[in-house]
Amino acid sequence: MIIHHPILGPRDAQEFVYLGDATLIDRPDGMTAGVEAFHDYLYNRDNPAGEHRELWYHEQGDRSWLVVTRNTVTHEITKVELARDVARARGRTK
Amino acid sequence: MRYSGFRVIAEALTGHKGWKPVWRDPAPQAEYDYIIVGGGGHGLATAYYLAKEFGQARIAVLEKGYLGGGNVGRNTTIIRSNYLLDGNEPFYEFSLKLWEGLEQDFNYNSMVSQRGIINLIHTDAQRDAATRRGNAMIMHGADARLLNRDEVRAMYPWLNFDNARFPIKAALMQPRGGTVRHDAVAWGYARGADQRGVDLIQNCEVTGMRIENGRIRGVETSRGFIGAKKVGVAVAGSSSKVMAHAGMRLPIESHVLQAFVSEGLKPLIDGVMTFGAGHFYVSQSDKGGLVFGGDIDGYNSYAQRGNLPVIEDVAEGGMALMPAIGRVRLLRTWGGIMDMSMDGSPIIDKTGIEGLYFNGGWCYGGFKATPASGWAFAHLLAKDEPHKTATAYRFDRFLKGRIIDEKGQGAQPNLH
Amino acid sequence: MSQSHRIDAKLAGGQIDRTRTLRFTFDGIPYQGHPGDTLASALLANGVRLMGRSFKYHRPRGPISAGSEEPNALVELRTGGRQEPNTRATVAELYDGLEANSQNRWPSLRFDAMGINDKLSTFFAAGFYYKTFMWPKSFWEKLYEPIIRRAAGLGSVTREEDPDTYDKGFLHCDLLVIGAGPAGLMAALTAGRAGKRVILADEDFRMGGRLNAETFAVGDSQGADWAAVSVAELSAMPNVRLMTRTTVVGAFDHGIYSAVERVSDHLLTPAAGKPRQVLWRIYTGHAILAGGATERPIAFENNDRPGIMLAGALRAYATRWGVKVGERIAVFTNNDDGLRTALDLQAKGVDVVAVIDSREGGDLLPGIRHLRGAEVIDSTGSLGLKSITVRQSNGRSETIAVDALGVSGGWNPNVNIHSHHRSRPVYDASIAAFVPGQDGPQGLLVAGAATGAMSTHAALKTGRDAAMAALGLGTGPDLPQAEDAPVRITPLWHVGHGKGRAWIDQQNDVTVKDVKLAKQENFTSVEHLKRYTTLGMATDQGKTGNVIGLAIMAELTGRSIPETGTTIYRPPYTPVAMGTLAGRSRGKEFKPFRLTPSHHWAKEQGAVFVEVGNWLRTQWVPKAGETEWRQSVDREVLATRKSVGICDVTTLGKIDIQGTDAGAFLDRVYANTFSTLPVGKCRYGLMLREDGIVFDDGTTARMGENEYVMTTTTANAVTVFRHLEFCRQCLWPEMDVQLISTTEAWAQFSVAGPNARKLLQKIVDQDISDAAFPYMGAGSITVCGGLRARLFRISFSGELAYEIAVPTRYGDALLREMLAKGAEYDPIVYGTEALGVMRIEKGHVAGGELNGQSTALNMGLGKMVSKKKDAIGMVLSQREGLTEESGYRLVGVKPVNPEAKLTAGSHFLETGAAAVAENDGGWLTSKVYSPHLGCDIALGYLKGGDRKIGQRMRIVNLLAGLDTEVEIISPHMFDPEGERLRG
């Protein structure tokens, strides 16, 4: 597979490490959320057959975490974003 | 029709005219007591044991493609019970014991062959871990041996002993481990279930679930609605897709696992072997092909095909371990969808919907579990109680922190 | 007579160099051939038709093809470590000195004792083994299976290491053209002339594809000559790369293809410095599959005799290699292409005695006995074809003496690569074959016969048009004139006749009867058919047989051929050597070595090294006279505890963490608190995964207000850094914190022992007295008169100890300097074994305890998990299953009898308890011999262990039959008050 890194251009997916569903960005606040919320965050997945937003880490590159939108049936990649930007857009900022 | 050597000879002498269909192709009835979704190994075994061991009737298996077309038809055929943790080992040992009597039980030669499995050890830490594991296995009634380097060398003198990056130091062996002719498992269960009146319905995809007041009433299928008192889902690989019909999210991701077979070769490897310093395990089939595999590709996928880096990684492991196979040719690769669970262990449990039961999360270890999975799932379906060897395989173990994490990798499915 | 079947050069010169002779042997018998020959063409030229035995019935077989689809003519090529099983003689390029042997026969190819299977074949019908061998139960593994396994397989594998090397390479192009026949050449010319970066790959050693086997013209010249001219033009283009002997074997995601280049297989041995083969990973903008088509036979009784082959192969041997397979030849066809074979052979002076054409009516070929509406129904000749039996349209049978028969059942487009992403081919009734379907790999177009466009003109046109479409070109070259004959075929899959066996999969010995039996037993899905009968599972993957099998199943079930469908096409297109896929990653080069800064020094001392991940660490450093490893390790421990020892700990992960939020960030990634750590101090940190299990541990020092240095374990250096980047970028992007891994930047040594300070003071430029640099102090310093360094007063050994770091390139010098300057303290260098002894004596957790399954509570570190702040893992560490009082706790263990030995991995049992799972109390995680305590000691996880200190239990190792009484003690077995490390 080839991932079009938003900064570095097309890179072989072998340079990256895969983590999983991009909802892992949405970590609850440990001071307010309890075990149930963390359980759902950490363990349960939509696991769709189709479009999937997922986290990849450019370990043999610039160390960016990326959110890659990829179809899990065809492997077609339609969007690649810096995870930091996604996290900010989801309100994970001051 | 009972199969035997005499029957084979008699049929041969009379032009094979007497062989009957191995299963019927019944039209679905309007309602069943039990519907098993998924005509792979686990689904067929469940139906077989429901009928045979738990005396149940009015059972149907719904398969969206062909019988045995799940991962039972696409795996590296290994059976073993060399697990570490209390939640797992009794279950897999139960499974191995069922394998040991399976062919006589369902009168079909699925070539259960206990030629032994060895896990090679390359570091002191691996030896310590193998000692812990081997002792746990024996304490659970399984068999285990720790082989030293010379004993391994006597078995396979042509492995890389003298020029290895990670030298072989020892091996953990389970003599009762081995291989099984995988398709024949599906066919044997299917035939046994069919003979006991189970309707095996192929080309019948479940497209929805009818749930009323928190209770399952039946399933919508590509061949119409079929009513059921109880529905058991055994569709590992597609668990999330099917259970989404019931509105459930699962602690499971679907990943692709590739496996490989070489051209047919004269005997080279008798048993099963796993490399401890890379991603490679191998056995040789009765037809002569080396059957081998390695790691999953590592990303969510339903594509049933993999990519090149893993093929190369597996070949590198193979060559590092067995430098003599450089000119042996890889014949075929294939990819299957794995239900990768959050702790690497399966789930056999009720759901929040009355009458709906779930069996999945087998990661890439489902084949060896087939008999016990079928038995335990049948037990749960028939009695509403988990089988004694499967009590740990609950959905709520993640909420309660009773995780069964053999590899110690945590909630990251692609590392299990 | 040598090369008895070579056609006179004036009639069929062929693409061989008759001026040169190559010598080779087959089964020890010497033969001669010419450059340009394959092993098969050369053997056929010498009148050898019998080349192999089939898998199941050991039927005598010869080649049926002239290409990579060959199921029969498989040989063991070469000898020794280069012995190569199952090599297709039809693609093995002849070289001088080639040695080949037949396989799967004993004692000889002509007389094979296992041929008895063929006589008993009625007992060995498809799937018979599923129905028998079940009684008595134990006989399967003891008797039946061993016999089956001994008979299994075709070629044999050497036990020697493959002496050749393999390489991997990466290529990029705008257009990859797969196959260099008329379509591929035209596509490459179109793209090449437009200035695009083109790769043209063909599995053959000569480009031109089918043009090399045909006699018709392209433009003003012979097809083969047009191909040669085109290749010459392409080879002159700097933007075009021509790759012969290169098979594109797989299509992967996003335009990536794998290809195998056989660099040296046409040579006796590879040239110096050259690999045998190269695995190319080709990144493409677009690709065109121009892989042609493969002819298929027609099944009839005894259609497998040596001398019966595909009609197109017969033609290819004559045209390309100047070989007539027999003296009296017949052709059996259901389509016009078979007629072409008869005409071509006749033109070369070969005696074509009959053309058996299954189609009724139509024109008759002039000058040839052309039987319309006729079928070949049987043949004779056990080791080679002697005659065929023909059933004529009037129903009369006739036996015709022939020694070669060409069979054409039509041509199947080579859709494989296009189907590697599970695209299903679709049936085209007009050519009675499957053609590429929808949803092929992105960016892949198909041209020529691979699309079902079977004429030369159509190949040229579709090749050009595909290249134009792929690259968005407005114009393309004019097409040369070429034949444009339509496909005229009336499908005939098998000949209905008597009780004999008609072969479909010749290697796996699958017959029409087997398909019928599969139908009878309701294995009617095409996947069931394949799996039950083994159709298409041989080394040729059913390239010639599959479609016949499924067509017969369609006929039997009354379903159409499209309804019946095909099985899945999967990579590789043709089998690939394991060595090629592995490349250089084998032997010692399987993984890179990471060497520590002290490696060269240690090597000089004769140190013993151990693999720790990819690192090679010093395990111990033997001194003269030490014969047992324990002598060295005990000495290293005692010397360290007595005076001072030095250990290279560079392998620990090191991460610099800086920014105004660095402290707050650490509070969130560590279970304990770091924001309160004073500048100039360090602290032990415990890191959890989000699931509450311990992830890693290490010390982190505060070097400045906004500057921390973290250490991780060796094993987790990479994963911790990855995790921290995840936390920083994905969870808390607002934090002002930056990370950089400095593992490779700093050489780090532990200096431990009562004289550690004195030794270090000799090289450190600043005052490091206890007052100036107290326990858990940390700071930037200089050594040896100004070299920047970092010093941490931390101890893993329980001694007064420091870790000192200098830029990596000074690591070796620093070690030598410390040993030299501190000579008066008799410093020693200790390895990982002594390191382990001392940490276990102190009860510090490491690999055996940090197993990814254990909580802080298990480790006796539960109080470190602060609940006053949000940190990774804090919430889920409180789940009930992880907080039970009866859970595992870390304990120390020593044998009651000091002579008794402990083994890590042994399990705890209460005295008198049986060794069964219900009584399993836990296990020993790590074990060493403690020279201070004078006995083996161990750490272990024991259920409720914190309440069992002082009790006696047993540990058992059932693998070794050991059962040892032990005392449960505190894990802090040496200097529990910590007086030494504060000294």
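Which residue stands opposite C:Val576 in strand 31 of chain C? The residue is B:Leu330.

This is a predicted model, in which local features need pLDDT of at least 70, side-chain atom pairs count only at pLDDT 80 or more, and totals for chains, interfaces and linings use all residues. Residues are numbered from 1 along each chain as its sequence is written, while chains are lettered from A and ligands numbered from 1 in the order in which they are written.

**Between chains**

Strand 16 (residues 329–341) of chain B pairs with strand 31 of chain C in the antiparallel sense, over 2 bridges. Strands pair if DSSP finds at least two bridges between them. Helices (H or I, at least four residues) and strands (E, at least two) are DSSP runs, numbered from the N terminus.

Chain C has 96 residues in contact with 85 residues of chain B; two residues are in contact if their C-beta atoms, placed from the backbone, lie within 7 Å. Helix 3 of chain C (139–151) is among the elements that give two or more residues to this side of chain C, and helix 3 of chain C supplies the largest share, 6 residues.

Chain A has 27 residues in contact with 21 residues of chain C. Two or more residues on this side of chain A come from each of helix 1 (35–43), strand 4 (51–57) and helix 2 (83–89) of chain A. Helix 2 of chain A gives the most, with 4 residues.

**Within chain B**

The domain assignment, automatic or from a database, gives chain B domain 1 (5–81 + 83–108 + 182–251 + 343–415) and domain 2 (117–178 + 253–341). Their centres, taken over C-alpha atoms, are 27 Å apart. In contact are 32 residues of domain 1 of chain B and 31 residues of domain 2 of chain B. On the domain 1 side, helix 3 of chain B gives the most, with 4 residues.

Helix 3 (residues 89–106) of chain B also packs against helix 9 (residues 366–383) of chain B, at an angle of about 100° and with axes 7 Å apart. Axes are lines fitted to C-alpha atoms, for helices over the stretch in contact, and angles run from 0 to 180 degrees between N-to-C directions. The two helices are therefore roughly perpendicular (65 to 115 degrees). Residues making the contact include B:Trp99 of helix 3 and B:Trp375 of helix 9.

**Residue classes**

Ala, Val, Leu, Ile, Met, Phe, Trp, Tyr, Cys and Pro count as nonpolar, Asp, Glu, Lys and Arg as charged, and the others, Gly among them, as polar.

| Side | Residues by class |
|---|---|
| Chain A, touching chain C | 14 nonpolar, 4 polar, 9 charged residues |
| Chain C, touching chain B | 36 nonpolar, 31 polar, 29 charged residues |
| Domain 1 of chain B, touching domain 2 of chain B | 13 nonpolar, 14 polar, 5 charged residues |

Conventions. Angles under 35 degrees count as roughly parallel, over 145 as roughly antiparallel, 65 to 115 as roughly perpendicular and the rest as oblique.
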